[in-house]
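Colleague: I am new to this model. Please take me through it one step at a time.

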Amino acid sequence: MTDNDPVLLRGVLHAYGERWQIARDDGTATWTAVERPSPTALHVVVAFSVGELAEKLAKQEGAPDALPRRRPEPRLGPI
């Protein structure tokens, strides 16, 4: 997965876009998400990739995982 993975970005925007203002800052090469839960409060999350941003937002929202992940391939033989 790369930083410009459009499928991952769409998933992050779908999952968190209603509460968080999400943007990429080309000057610092970071992704930011800003939430204003009240007029006097401000939450800011910064990450270097969309995947990292998704994980951090999931933690902020109390979710175990940001987006569904692929299941690991089953192992054959002894572990």
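Colleague: Which residues does Ile 22 touch, not counting residues up to four places away in sequence?

Modeller: This is a predicted model, so local features need pLDDT of at least 70 and side-chain atom pairs count only at pLDDT 80 or more, while totals for chains, interfaces and linings use all residues. Residues are numbered from 1 along each chain as its sequence is written, and side-chain values use heavy atoms, with hydrogens and water left out. Contact means heavy atoms within 4.5 Å. With residues up to four places away left out, Ile 22 touches Val 12, Leu 13, Tyr 16, Trp 31, Thr 32, Ala 33, Leu 53 and Leu 57.

Colleague: Is Ile 22 buried or exposed?

Modeller: Ile 22 sits in strand 1. Buried means under 20% relative accessible area, exposed over 50%, and partly exposed in between, using a 1.4 Å probe and protein chains only. The relative accessible area of Ile 22 is 16%, so this residue is buried.

Colleague: How far apart in space are Ile 22 and Leu 9, C-alpha to C-alpha?

Modeller: Along the sequence, 13 residues separate Ile 22 from Leu 9. In space, C-alpha to C-alpha, the two are apart by 9.8 Å.

Colleague: What pattern does the protein chain follow along the sequence?

Modeller: Helices (H or I, at least four residues) and strands (E, at least two) are DSSP runs, numbered from the N terminus. The protein chain has two helices and three strands. Read along the sequence, the pattern is α-β-β-β-α.

Colleague: How many bridges join strand 1 to strand 2?

Modeller: Strand 1 covers residues 21-25 and strand 2 covers residues 30-35. Two strands pair if DSSP finds at least two bridges between them. Strand 1 and strand 2 run antiparallel, and the number of bridges joining them is five.

Colleague: What phi does Ala 29 take?

Modeller: Ala 29 lies in the loop between strand 1 and strand 2. Four residues stand between the strands of this hairpin. Ala 29 counts as partly exposed because its relative accessibility is 34%. Its phi is positive, in a residue other than glycine, and is near 55°.

Colleague: Which residue of strand 3 is the bridge partner of Glu 35?

Modeller: Strand 2 and strand 3 also pair in the antiparallel sense, over five bridges. In strand 3, the partner of Glu 35 is His 43.

Colleague: How far apart are the axes of helix 1 and helix 2?

Modeller: Helix 1 (residues 6-16) packs on helix 2 at an angle of about 20°. Angles under 35 degrees count as roughly parallel, over 145 as roughly antiparallel, 65 to 115 as roughly perpendicular and the rest as oblique. So helix 1 is roughly parallel to helix 2. Their axes are apart by 10 Å.

Colleague: Which residues of helix 2 make the contact with helix 1?

Modeller: From helix 1 come Leu 8, Leu 9, Val 12 and Tyr 16. From helix 2 come Val 50, Gly 51, Ala 54, Leu 57, Ala 58 and Glu 61.

Colleague: Which residues does Val 34 touch, not counting residues up to four places away in sequence?

Modeller: Val 34 belongs to strand 2. With a relative accessible area of 22%, Val 34 is partly exposed. Leaving out residues up to four places away, Val 34 touches Arg 19, Trp 20, Gln 21, Leu 42, His 43 and Val 44.

Colleague: What share of the residues of the protein chain count as buried?

Modeller: The protein chain has 79 residues. The share of them that count as buried is 24%.

Key:
Axes are lines fitted to C-alpha atoms, for helices over the stretch in contact, and angles run from 0 to 180 degrees between N-to-C directions.
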